[in-house]
Amino acid sequence: MATEKVSEVSWVKTFIQQLQVELNGADNTLFASDGRNLPYSNEVLSYNSENEPLNTFSPEYTTDILIYEKNGDAWKPRIVIEVKLGKVTTHDAITYSQKSQSHKNVHPFLRYGILIGNRKHYPLPGRLFRHGTNFDFMLSWKDHEAGKEEWGLLLEVIFDEICSSRKLEEIIYNSRSRSREKFTKLHRPLRLA
């Protein structure tokens with residue numbers, strides 16, 4: 001891309017279709033979307049006499065990139081990726097990390113990360129590690145367009161996170177099933193590149 005000012009919205013549009021092609025090539029139930037709304041809260045305003053919710057309100061945030069799984073007419077979010085260009089401020093890190101936690105309160109199996117483009121020679125900023133505690137992953141690209149290795153890392157992380165999301169969903173919602181897969185260890189390693 002030229003050096004003119006590029007918005008994050010237009011930047012995502014430059015690679016979202018390629019991401020969709022990659023997802024579909026691996027699993028035709030997976031989709032990528034930009035600018036899609038996702039609830040971050042589910043508020044109950046009133047109940048009936050059987051304690052069933054009558055009126056609910058679900059405020060939403062617009063996601064930069066949403067990767068979701070579709071089964072017929074039903075869909076479920078798997079990954080949200082926030083995007084930034086150039087730099088990430090402390091305020092950005094805190095705000096996006098809080099958004100991550102809010103979304104995970106509604107979708108506990110959701111994986112959440114950030115992708116920073118046009119970082120030049122700079123690595124991921126320390127403020128992101130310090131204040132982005134609710135992120136499951138962080139990636140940066142040197143330019144607007146990913147190099148081959150950067151694109152490969154993005155895809156590797158996405159497919160790993162889809163597996164993690166599916167596994168978390170299974171663990172959370174089938175925890176009382178006698179036929180469930182049983183675990184005796186959980187380890188969340190720190191992997192850096």
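In this predicted model, helix α5 gives the most to the lining of the largest pocket, with twelve residues. Other elements that give two or more residues to this lining are α3, α4 and β9. The pocket has a volume of about 1,800 Å³ and is lined by 46 residues. Nearest its centre lie D136, F137, E161, P189 and R191. By type, the lining divides into 23 nonpolar, eight polar and 15 charged residues.

The second largest pocket holds about 160 Å³ of space. Ten residues line this pocket, and T14, F15, H144, E145 and A146 lie nearest its centre.

Side chains of opposite charge can pair when their charged atoms come close. The model has 14 salt bridges. In one of them, E169 pairs with R78, with the closest N and O atoms 2.7 Å apart. E169 is in helix α5 and R78 in strand β7, so the pair ties together parts that are 91 residues apart in sequence. Are these two residues buried or exposed? E169 is buried, at 16% relative accessible area, and R78 is buried too, at 2%.

D136, from the centre of the largest pocket, forms a salt bridge with K104 at 2.8 Å. D136 also meets R111 in a salt bridge, at 3.4 Å. D136 sits in the loop between α4 and β9, and R111 in strand β8, 25 residues apart. D136 is partly exposed, at 26%, whereas K104 is buried, at 16%, and R111 is buried, at 15%.

Finally, salt bridges that share partners join D27, E69, K76, R78, R166 and E169 into one network.

Notes
Residues are numbered from 1 along each chain as its sequence is written. This is a predicted model: local features need pLDDT of at least 70, side-chain atom pairs count only at pLDDT 80 or more; totals for chains, interfaces and linings use all residues. Side-chain values use heavy atoms; hydrogens and water are left out. On a 1 Å grid over the protein atoms alone, a cavity is a set of points where a 1.4 Å probe fits but cannot get out, and a pocket is an open set with protein on both sides within 12 Å along at least five of seven lines; lining residues have an atom within 4 Å of a point. Grid points are joined across faces, edges and corners, and a volume is the space filled by probe spheres set on the points. Helices (H or I, at least four residues) and strands (E, at least two) are DSSP runs, numbered from the N terminus. Ala, Val, Leu, Ile, Met, Phe, Trp, Tyr, Cys and Pro count as nonpolar, Asp, Glu, Lys and Arg as charged, and the others, Gly among them, as polar. A salt bridge is a side-chain nitrogen of Lys or Arg within 4 Å of a carboxyl oxygen of Asp or Glu. Buried means under 20% relative accessible area, exposed over 50%, partly exposed in between (1.4 Å probe, protein chains only).
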